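Please consult the sequence and the model while reading.

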Amino acid sequence: MPEPDVMQRLTDALSAAFARDFGGPAFPNPEGWRNKGARLRTFRRTVPVVELEMEGRTLSFIVTPTDPAEPAYRRSSRYDIVYFSEDVPDNEQSRIYARDRATIDRFAAWVKAWDQAGGGSV
């Protein structure tokens, strides 16, 4: 498990890079999401979470160092990506993809490109 300072540095790197790219050519935002940035959140463990919101809806992404033992929506060479929504009950999380597929896939592609460019090297 990564050390807390590693997770904080990853969170800071994600927040800065995503703020730079959000709404531009690297991460277009045709849906009109608001970027709330990245912060550490504790679930089973403390992880970086990038948060978006729009009209009472939320879409969040956990980005952690790759761990093949953990489930992930997508993986880059160094990071696992998981998405979730605070406005959808836990037992209905599967419907988020149908609702927000374009943004989810765009975010996964952004993390892969960011990783390939050396982003988040902590």
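A residue counts as buried under 20% relative accessible area, as exposed over 50%, and as partly exposed in between. Lys 36, with a relative accessible area of 44%, is therefore partly exposed. The structure discussed here is a predicted model. A search of the whole structure finds 16 salt bridges, and the largest pocket has a volume of about 510 Å³.

- Lys 36 pairs with Glu 53 in a salt bridge, with 3.9 Å between the closest N and O atoms.
- This pair links distant parts of the chain, with Lys 36 in strand β1 (residues 34-42) and Glu 53 in strand β2 (residues 46-54), 17 residues apart.
- Glu 53 is likewise partly exposed, because its relative accessibility is 25%.
- A salt bridge also joins the side chains of Arg 41 and Glu 51, at 3.1 Å from N to O.
- Arg 41 belongs to strand β1 and Glu 51 to strand β2, ten residues apart.
- Both Arg 41 and Glu 51 are buried.

**A salt bridge between loops**

- Glu 70 and Arg 44 form a salt bridge whose closest N and O atoms are 2.6 Å apart.
- Glu 70 lies in the loop between β3 and β4 (74-75) and Arg 44 in the loop between β1 and β2, so the pair ties together parts 26 residues apart in sequence.
- Glu 70 is partly exposed at 22% relative accessibility, whereas Arg 44 is exposed at 69%.

**Largest pocket**

- The lining comprises 20 residues, of which Phe 43, Arg 44, Ile 62, Val 82 and Phe 84 lie nearest the centre of the pocket.
- Strands β3 (57-65) and β5 (79-84) each supply at least two lining residues.
- Ten of the lining residues are nonpolar, three polar and seven charged.

Methods
Residues numbered from 1 in each chain as written. Predicted model: local features only at pLDDT ≥ 70, side-chain atom pairs only at ≥ 80, totals over all residues. Heavy atoms only, no water. 1 Å grid on protein atoms, 1.4 Å probe; cavity = no way out; pocket = protein on both sides within 12 Å on 5 of 7 lines; lining within 4 Å. Points joined across faces, edges and corners; volume = space filled by probe spheres on them. Helix = DSSP H or I, 4+ residues; strand = E, 2+ residues; numbered from the N terminus. Nonpolar A, V, L, I, M, F, W, Y, C, P; charged D, E, K, R; others polar. Salt bridge = Lys/Arg side-chain N within 4 Å of Asp/Glu carboxyl O. Buried < 20%, exposed > 50% of the residue type's maximum accessible area, 1.4 Å probe, protein only.
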